[in-house]
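I opened the model to look up a few strands and helices. My notes follow in the order I took them.

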Amino acid sequence: MLDAVAATGQGPTGDELEELRSFGEAAAVNGTTLRALVVRHLSRTRAAWPAGTAGSDRVLAAVQQAVEALCEGYERAQQLAVRQQEAARREFIDDLLYGSGEPGVLAERAEQLGLRFSLAHAVAVAEGPVPYTEGDPVPRLVERAVTGRFGERSILLTTKDGRLICIAPGDQRQVLTYFAKQAHAATDGGRAAIGRPHPGAGGVVHSYEEALRALDLAGRLDLEDPVLQAADLLVYPVLTRDRQAMADLVRTTLGPLLKARGGPEPHLETLSAYFDSGCVTTQAARRLSLSVRALTYRLERIHQLTGSDPADPRHRYALQTAVIGARILGWPAQKA
């Protein structure tokens with residue numbers, strides 16, 4: 001090729017450059033380093049340099065094009081390998097979090113990513129105002145913070161359905177807590193939930209689903225905590241395990257509020273604030289930006305409509321349970 005360039009003054013042909021790209025691609029696949037590839041090529045160039053060449057500039061330009069072609073092919077192979085690794089990683093994550101795939105194969109693939117299913121694992125899930133995918137600035141920022149502090153071994157960070165996911169050994173709760181706090185900050189006030197540790201590949205799915213349920217409950221119940229522990233919310237699934245019984249309680253206890261002027265929502269907010277404040281009227285009034293007198297009037301009106309007195313311990317538990325059930329069931333927007 002150099003002889004032809006020296007004789008004609010024409011650069012390498014398209015076919016010649018593509019052949020060099022293919023050679024560079026094959027070198028990458030075979031494990032040759034890019035440095036070794038370039039050094040060897042330049043050594044061969046010196047040996048093949050046309051004798052008595054007048055147009056050295058043209059030959060040097062051809063050498064430059066040849067080296068660029070080799071590097072392009074090498075990078076092409078690297079990019080393909082990265083895409084294949086990303087596809088395999090995404091397939092593993094989908095199989096793991098959906099609970100599909102053969103357990104033995106999952107365990108083998110998990111070890112390649114640093115997870116050992118002989119240990120219990122827990123999952124933290126974070127969501128923000130917009131969906132996220134791997135490669136977005138927010139997931140990259142959170143990943144750098146977590147791996148910078150704890151390293152990459154035994155921790156898997158990814159995205160799923162627009163949320164940020166962190167899987168870590170169950171005895172390393174500090175990793176999940178740190179991830180949740182970093183995600184809360186990076187997602188501009190987003191919310192995170194941490195599932196309980198469970199053994200095996202199925203345990204990862206179980207913990208992941210617990211974290212998702214915790215996020216759903218937080219939205220329904222207007223919980224303000226930026227980081228939620230699924231273990232702290234176990235009472236809510238228990239309360240709604242018999243959904244029909246809970247619906248009956250909501251209709252019977254809170255149904256009369258449908259007759260209130262302005263609908264039941266203001267009264268539900270009043271009861272929620274009152275119970276969340278430990279039944280202290282001054283704190284509840286502050287939460288709702290009301291005067292104590294206005295709050296007291298609302299509580300009296302609730303007593304009149306429902307026959308249950310929020311200040312009476314005999315009535316309080318049923319009312320509070322009904323309010324929680326209403327939030328979870330979406331009542332009254334969705335009929336219980």
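**Entry 1: strand pairing.** I looked up the bridge partner of T158 and found I165, which lies in β3. This is a predicted model, so I read the pairing as part of a prediction.

Next I asked which other strand pairs with β3. I found β1 (residues 120-127), antiparallel to β3 over 6 bridges. On this side I noted A126, whose bridge partner in β3 is L164.

How much of β3 is buried? I counted 6 of the 7 residues in 163-169 as buried, so the strand is largely enclosed by the rest of the structure.

**Entry 2: helix α2.** I compared the span of α2 (residues 14-29) with expectation.

I listed the buried residues of α2 as L17, L20, G24, A27 and A28. They cover an arc of only 100 degrees around the axis, so they are on the same side of α2.

On the face turned away from the buried side I noted G14, D15, E19 and V29 as exposed. Just after the helix, G31 takes a positive phi of about 95 degrees.

**Entry 3: helix α13.** I repeated the check on α13 (residues 292-306), which has 15 residues. From first C-alpha to last it reaches 21 Å, close to the 21 Å expected at 1.5 Å a residue.

Its buried residues are L295, L299, I302, L305 and T306. Looking down the axis of α13, I see the buried residues within an arc of 130 degrees, so they line one face of the helix. R293, Y297 and Q304 are exposed on the other side.

What do the buried residues of α13 pack against? I found three helices: α10 (243-254), α11 (265-276) and α12 (281-288).

Last, I looked at the residue that follows α13, which is G307. Its phi is positive, near 80 degrees.

Notes
Residues are numbered from 1 along each chain as its sequence is written. This is a predicted model: local features need pLDDT of at least 70, side-chain atom pairs count only at pLDDT 80 or more; totals for chains, interfaces and linings use all residues. Side-chain values use heavy atoms; hydrogens and water are left out. Helices (H or I, at least four residues) and strands (E, at least two) are DSSP runs, numbered from the N terminus. The expected span of a helix is 1.5 Å times one less than its number of residues. Buried means under 20% relative accessible area, exposed over 50%, partly exposed in between (1.4 Å probe, protein chains only). The arc is that of the directions from the helix axis to the C-beta atoms. Contact means heavy atoms within 4.5 Å. Two strands pair if DSSP finds at least two bridges between them.
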